[in-house]
Amino acid sequence: MSNHLKDQSSPYLLQHAENPVDWYPWGEEAFEKAKREDKPVFLSIGYSTCHWCHVMEQESFENMEIADILNRYFVSVKVDREERPDIDSVYMSVCQALTGNGGWPMSIFMTPEQKPFFAGTYFPPISSRGMAGMHDLLLVIADKWKRDKEELLQSAERILAHISTEDEGVCEHIDSGMPEKAVRIFSENFDKKYGGFGNAPKFPTPHNLLFLTLYAQINDKKDVFKQVEVTLEKMRRGGIFDHIGFGFSRYSTDKYFFLPHFEKMLYDNALLIIAYSAAYKVSGNEIFLDTAEKTAAYVFRDLTDSEGAFYSAQDADSEGEEGRFYTWRYEEVCRLLGEERGKRFCQHFGITQRGNFEGRNIPNLLNGNEIPDDFEGEKELMYEYRKSHFKLHLDDKILTSWNALMIWALSVLYRVTGKEEYLLAAKRAQQFIEKSLAYGNTLYVSFRNHIRFVKGFLDEYAYYTAALISLYEATGESSYIERAQQICEEAKKQFADEKGSGYFLYGEGNDSLIIKPKETYDGALPSGNSVMAYCFVRLFQILGNEDYEHLAKEQLAFLSGEAKAYPTGHGMFLTAQLFYLNPPAKITVILAAGEEEEEVRKKLPLYADVNLLAHETEEYKLLNGKTTYYICKDHTCLPPVNQEHFPEKGVF
């Protein structure tokens, strides 16, 4: 029998539509029922490719006895964190405040007025080894609600007062020493042997790597860029990269980048394309370019809609087992490829008869074997085999913010390679957003089954503005920078804190929740506030508009205060600050007859403000009849040069 989720669009909510738990989507109906029947609300937040969400569903939400307790004593609400980041943000702050950590599935118990009094993440069905089980926990809370509800209500008020306390590090100026402080901390935590920072688990966090790349080039710090190079190479060699079908998993559970949490997210892969492209531009290391292009190939093949938009994620689980889709037995490979080719393949990718993961094997190149290799044909066979033998869940909702990141990434990759396919893909996705996820200047969060859902939050506007700026940088087409200004102005109008600094996660057009978060921390994804800072800086530098300079200064000062205690948790803000303090070169290029624009663009620094002219002008003339570059940087314009004297490496 279906519950109240049966008509929802979110793949995550639909996964729970046949549970015996009488789930409701977030909305008035659920909270009115809780008030009417005087019941507490159980809020469960997750996403469709989350492994432990699947586990908790199978153990508890498909358990008839637990479902009966929930249905009798609670009103149960399900939320997709990717569709409702506002709800996720509010209650994640509760979970972290009460438990010291957070994650998904997130489990919140609250009053019908949405005020939380207890929180946690995954709970097993039965209590064991000192860990509360779902069955016992529900009965204890139900009994407490019946016998001493007033204490729970008072607890909820105390929790609400605690999370509502503003704790902003006020700063009236931009702290220009912040990047250096962050680099020092990154260096202290850098794992010289295995790459990455700190110990397990290791997340890619590509915006931190981009910050370090920019800092290293601006300050000529080869030791800092070495941290980026080692990390990017170890990630490419490790099991976090899918050597058969390409693309990156969400994170590594160990310190070697070997054992991944197998789900693949669009946002990770988009940000990694940017990081690898920038590192290639600085170093010329072909491995980095190969990785960026293979990651794009994965997204095009497995995460792309027929109209050019990008799906959200692929699951970690298949056949009810985490990683089954991605792991191999030695005999299986030899049988598929033939004995001789199979042995060669297994030797190259560390596949053994004993196995390196629960009796099976995760292909990897941590053994030091060459990248790239000559096994493309074998990989194709293995990819087709696993695709035909194992079903892997695809989260096919289309998110504005994550699509914007992919547009940004493809625009960068186009600038690095000059390959038209990347630019065309970026343009198609942008057109999809305009057609299906925008209504005038209003953006929506997600699209599925020909319907768009939920008015956008700060991230939608900030990321999309950045994507449009990147398209302008790649093409020089004024329509993109004009649209970027429109979306940016709408973001200011909807989300600006009129009484303070920074931007709220949600605005007047969104639901009102128990608190109004202002996110500044750059976690797995950059915060909307950091990306807004980047957008203001780039709009000022491209357009020369002093209003944007004022906004950039204000936002960077605000974030300087926010990042003071933990600068390494604000990598995207630090990147925006580097751009502001070190403006990219302004380059005017006059094309000689017969010179291809794409070929010229890929030779230019990745982050330069480019004016490309097809003909000479009074001010800009060809030198020696060849393509000519006029370069201005640091308030100084250099003499014009031809291509053979133009430095091709570098991001600035």
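Colleague: How far apart are the mean positions of the positive and negative charges of the chain?

Modeller: This is a predicted model, where local features need pLDDT of at least 70, side-chain atom pairs count only at pLDDT 80 or more, and totals for chains, interfaces and linings use all residues. Residues are numbered from 1 along each chain as its sequence is written, and side-chain values use heavy atoms, with hydrogens and water left out. Lys and Arg count as positive, Asp and Glu as negative, while His and the chain ends are not counted; each charge is placed at NZ of Lys, CZ of Arg, CG of Asp or CD of Glu. For the 71 positive and 99 negative charges of the chain, the mean positions are apart by 3 Å.

Colleague: What radius of gyration does the chain have?

Modeller: The chain has 22 helices and 21 strands, counted as DSSP runs (helices H or I, at least four residues; strands E, at least two) and numbered from the N terminus. The radius is taken over C-alpha atoms, and the globule rule is 2.2 Å times the number of residues to the power 0.38. For 652 residues that rule gives 26 Å, and the chain comes close to it, so it is as compact as a globular protein of that length: its radius of gyration is 26 Å.

Colleague: Is His 261 buried or exposed?

Modeller: His 261 sits in strand β7 (residues 260-261). Buried means under 20% relative accessible area, exposed over 50%, and partly exposed in between (1.4 Å probe, protein chains only). His 261 has a relative accessible area of 8%, so it is buried.

Colleague: Which side chain does the side chain of His 261 join in a polar contact?

Modeller: A polar contact is a pair of N or O atoms within 3.5 Å; within protein, one must be able to donate a hydrogen and the other to accept it, and residues adjacent in sequence count only if both atoms are side-chain atoms. Here the distance is 3.0 Å, and the partner is Glu 263.

Colleague: What is the relative accessibility of His 450?

Modeller: His 450 has a positive phi of about 70° although it is not a glycine. His 450 lies in the loop between β15 (442-448) and β16 (451-455). His 450 counts as exposed, at a relative accessibility of 71%.
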